Amino acid sequence: MSPLQRIKSPDLLVAESGADLEGHGLKRTMGLFQLVCFGVGAIVGTGIFVGLSDSVAEAGPAVVISFVLAAITCIFTAFSFAELGGAIPVSGSSYSFAYATLGERVAFLVGWCLLLEYGVSVSAVAVGWGQYLNELLHSLVGWQLPAALSNPPGDGGVVNIPAVVVIALAALLLVRGIRESARATAVMAVIKIGVLLLFCAIAFTAFRSDNLSPFAEHGMAGVTAGASLAFFSYIGFDAITTAGEEVKNPRKNIPIAIMICIGVVTLLYCLVAVAAIGAMSADDVASKPAALSLIVNQVTDSTLGGGIIAFGAVVAIASVVLAVMYGQTRILMSMSRDGLVPRVFERVSPKTSTPVANTWIVAGVFAVPAAVVPLDVVMNLTTIGTLAVMAVVNIAVIALRRRNPDLPRSFRVPFFPVLPVAGVLFCLYLIYGTGWLTWLQFGAFLILGALVYTLYGRRNSRLGKAADIAPEVTARPEA
Ligand SMILES: NC(=[NH2+])NCCC[C@H](N)C(=O)O
């Protein structure tokens, strides 16, 4: 059977995961509030605290428009995630959605791109953490880690130790159990929203409309490049759909949590962007490390305020690492269950109900780029991989309506199919904004993925093996 025809029915996916049952492998412990906190936990981090100044460098004060464009792309796609997450509440997120609609080959490539959206983004986010850790140390004790130990080779250092440390800490917490991780994530989500609101309150006291002109210094090209960078800060609402097997009442709670998250984050980011460029001229913000602390220090004329912001950023970014690593392990678990990656990824420890080996492998592998690759490279790769995944999810929502029109859906995309089609177009627009170097790197990454699928995934696919034994029944759950 050709891999394109290997489609795994939504019923089978749900049955295997036990999504409508209690008491299977993973534990169902998260309620709606915790799920929203988990979403915010996966979203608000390096992008807004560190990446904002890079977007300002591209777009100038028009960075506000960049943030709105990035938000629109996400909102369109969030509707599609909400429909699919409610209809197929499993742990595999977009990978599983693609398997149920577009076939195994596409699903594998989506899973492959998710290594960028999750794994590589863990590296990116961890690198951003180091910048604010240094800022925090500086304002607390007047000392920083030497550049050699806190920057990668391309950025004036040798190895990025803080980035490795934060990844190891997150792994430790994750293997202890999801209940502990969810509790820590909730506290951290509240802290980071509080700190960003505090930033806005302080920065708005120094708002000067002069800082907004010239508004779009680098024209539409600058705004587009800025939007592609700003997009990184919105990535993560889809992580909610990796928790499908650990949420209470997932069919109802997943779509609601996605909508709440994307709404809250969009409002928050637009406020932060306006506050930042109103308080300091775009030229002074552009490309500065730990820019939010810098602005607050200048406005309050002391280092205390900046220190508080740096503390918030350190907490915020650590929680992104935690949530995103969690997501990566759950996606690999789903792929492993399907035979597309080795079985070690699906093993759950009976003691802690967590995938221990899986978690340590993920931590070990992605600590390497965190230690030695510069931030902009890992950030751009994350962005393009995520945009590709999102485009596929918008297509999957259309495909599922055609293939399984009667499947129970707890949420339906409004104005169908206009929104998902617009979603695809916006994704392509932002992919365009990432620039040719990133396209090339991504192209090479995709070719490698296709190779791995042909040599490993395709041969070991459980769906493929089942079809070889009984070609007419490819959709029966394993006994
Ligand atoms: N799959 C993910 N949630 N990746 C993390 C994305 C990065 C996050 N939006 C940040 O700004 O730090």
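In this predicted model, the largest cavity is lined by 17 residues, and those nearest its centre are Ala42, Ser121, Val125, Ile235 and Val320. The space inside the largest cavity comes to about 120 Å³. Several helices share in the lining: α2 (32-43), α3, α6, α10 and α14 (304-337) each supply at least two residues. Of these, α6 provides the largest share, with 4 residues. Sorted by class, the lining of the largest cavity holds 9 nonpolar, 7 polar and 1 charged residues. Across the whole structure, the search finds 4 cavities of 30 Å³ or more.

A total of 31 residues line the largest pocket, and Asp54, Gln131, Asp155, Leu375 and Asp376 lie nearest its centre. Two or more lining residues come from each of α3 (46-59), α6, α7 (147-150), α10 (219-234) and α16 (375-403). Here too it is worth looking at α6, which gives the most to the lining of the largest pocket, with 6 residues. By class, the lining of the largest pocket is made up of 11 nonpolar, 14 polar and 6 charged residues.

The packing of α6 against its neighbour α5 can be described next. Helix α5 (residues 93-101) and helix α6 (residues 104-141) have axes that come within 7 Å and cross at roughly 170°. An angle over 145° counts as roughly antiparallel, and α5 and α6 are therefore roughly antiparallel to each other. On the α5 side, the contact is made by Ser94, Tyr95, Ala98 and Tyr99, while α6 brings Glu104, Val106, Ala107, Phe108, Val110, Gly111 and Leu114. The contact of α5 with α6 counts 8 nonpolar, 2 polar and 1 charged residues.

Helix α5 also packs with helix α4 (residues 63-87), at an angle of about 75° and with the axes 10 Å apart. Angles of 65 to 115 degrees count as roughly perpendicular, so α4 and α5 are roughly perpendicular to each other. In this contact, Phe81, Leu84 and Gly85 of α4 meet Ser93, Ser94 and Phe97 of α5. By class, the contact of α4 with α5 divides into 3 nonpolar, 3 polar and no charged residues.

Terms used. Residues are numbered from 1 along each chain as its sequence is written. This is a predicted model: local features need pLDDT of at least 70, side-chain atom pairs count only at pLDDT 80 or more; totals for chains, interfaces and linings use all residues. Side-chain values use heavy atoms; hydrogens and water are left out. Axes are lines fitted to C-alpha atoms, for helices over the stretch in contact, and angles run from 0 to 180 degrees between N-to-C directions. Angles under 35 degrees count as roughly parallel, over 145 as roughly antiparallel, 65 to 115 as roughly perpendicular and the rest as oblique. Contact means heavy atoms within 4.5 Å. Ala, Val, Leu, Ile, Met, Phe, Trp, Tyr, Cys and Pro count as nonpolar, Asp, Glu, Lys and Arg as charged, and the others, Gly among them, as polar. On a 1 Å grid over the protein atoms alone, a cavity is a set of points where a 1.4 Å probe fits but cannot get out, and a pocket is an open set with protein on both sides within 12 Å along at least five of seven lines; lining residues have an atom within 4 Å of a point. Grid points are joined across faces, edges and corners, and a volume is the space filled by probe spheres set on the points.
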